[in-house]
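The following paragraphs lead the reader through a structure, beginning with a metal site and then turning to a helix. The reader may wish to keep the sequence and the structure in view throughout.

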Amino acid sequence: MRSIRVVADPSTATLAVLKTLQDGVSKGPFKDRVPEAKKAWASKTSSIAKREAFDDIKKLLTEACWGARRCNYCEDSVADEIEHFRPKDWYPDVAFAWSNYLYACGPCNGPKSNLFPLFATQGSAAVQELVPRKENDPIVPPPNGDPVLIDPRNEDPMKFLFLDIEGNLHFAPRSDLLKGSREEQRALWTIKLLHLNDRDDLVKARVTTLSALRTALAVAYVAKVAPGTLPAGLNAIDARRAVSETPHRFVWEEIVRHRNAVPAYQKMFAAGPEALAW
Ligand SMILES: [Zn+2]
């Protein structure tokens, strides 16, 4: 959920290709825009200019990942495909919008696909699910409304989610969110929709990551307070790398956020505050 950083802007050539593709889709009635968007997406590598544009997009999204290229939702699985945060089935007018792109893995993209819950009524926290369209359903636009799913590309998931690093490594809504608020609903739905707590491998990966990050922090601490005592091969540079290149960024940021509640973390960060910027 936190595995993507600020993304650099694409080149003007890439943006021009996206605009041309989008202009080709966003004309005519809505019922035509959806199939047009799908068709244009399917042939997005059909010319040299388009191929170069999408290579550029993939490169920028890859560079924005912490460490290896991993799914921006679950932080764990390798991500091959560019994903639309707003699905093109419902939002053909952003099928070629740069800010709508991120990386997703199959297990995250599968259950999400067309299920894109909305707060359809202004001011209310009631959630409306978009039911996936069937073959002969009329192609009508979705209700006007704000997305419920947290967008890790454009929002900070830390504002909504808490990761229980002292317990079972499950996500939960932050305890300071008002019960029944939109923010709480967004956290709950994101956890449910992406199965962030009930994919065993995912939880296990967070457990392993937590051990690795605690070890790295301890190595950095010893390097700081008693450098001569570190066994050969252990050093602060590698410790920093272990932190800054883990794709499970949320685990690290939760350690940082809760450092003052855990005496061991408090002590280590007090001795080496530079780790706060890792
Ligand atoms: Zn994923």
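In this predicted model, a zinc ion is coordinated by the SG atoms of four residues, C71, C74, C105 and C108, at 2.2 to 2.4 Å. The arrangement is tetrahedral because the angles subtended by the four donor atoms around the zinc ion run from 107 to 114°. For four tetrahedral donors, the ideal angle at a metal is 109.5 degrees.

Along the chain, the donors of the zinc ion are spaced as C-x2-C-x30-C-x2-C.

Attention may now turn to helix 5, which comprises residues 182–193. From the first C-alpha to the last, this helix of 12 residues reaches 16 Å, close to the 16 Å expected at 1.5 Å a residue. Helix 5 is mostly covered, with nine of its 12 residues buried. The buried residues of helix 5 are R182, E184, Q185, R186, A187, W189, T190, I191 and L193.

What covers these buried residues? The covering elements include helix 4, together with strand 3 (118–119), strand 4 (146–147), strand 5 (161–163) and strand 6 (171–173). Just after helix 5, H195 adopts a positive phi of about 55°.

Methods:
Residues are numbered from 1 along each chain as its sequence is written. This is a predicted model: local features need pLDDT of at least 70, side-chain atom pairs count only at pLDDT 80 or more; totals for chains, interfaces and linings use all residues. Side-chain values use heavy atoms; hydrogens and water are left out. Donors are N, O and S atoms within 2.8 Å of the metal (3.2 Å for Na, K and Ca); water is not among the atoms, so sites may look incomplete. Four donors count as tetrahedral if all angles lie between 85 and 135 degrees; four count as square planar and six as octahedral if opposite donors are over 155 degrees apart and all others between 65 and 115; anything else is irregular. Helices (H or I, at least four residues) and strands (E, at least two) are DSSP runs, numbered from the N terminus. The expected span of a helix is 1.5 Å times one less than its number of residues. Buried means under 20% relative accessible area, exposed over 50%, partly exposed in between (1.4 Å probe, protein chains only). Contact means heavy atoms within 4.5 Å.
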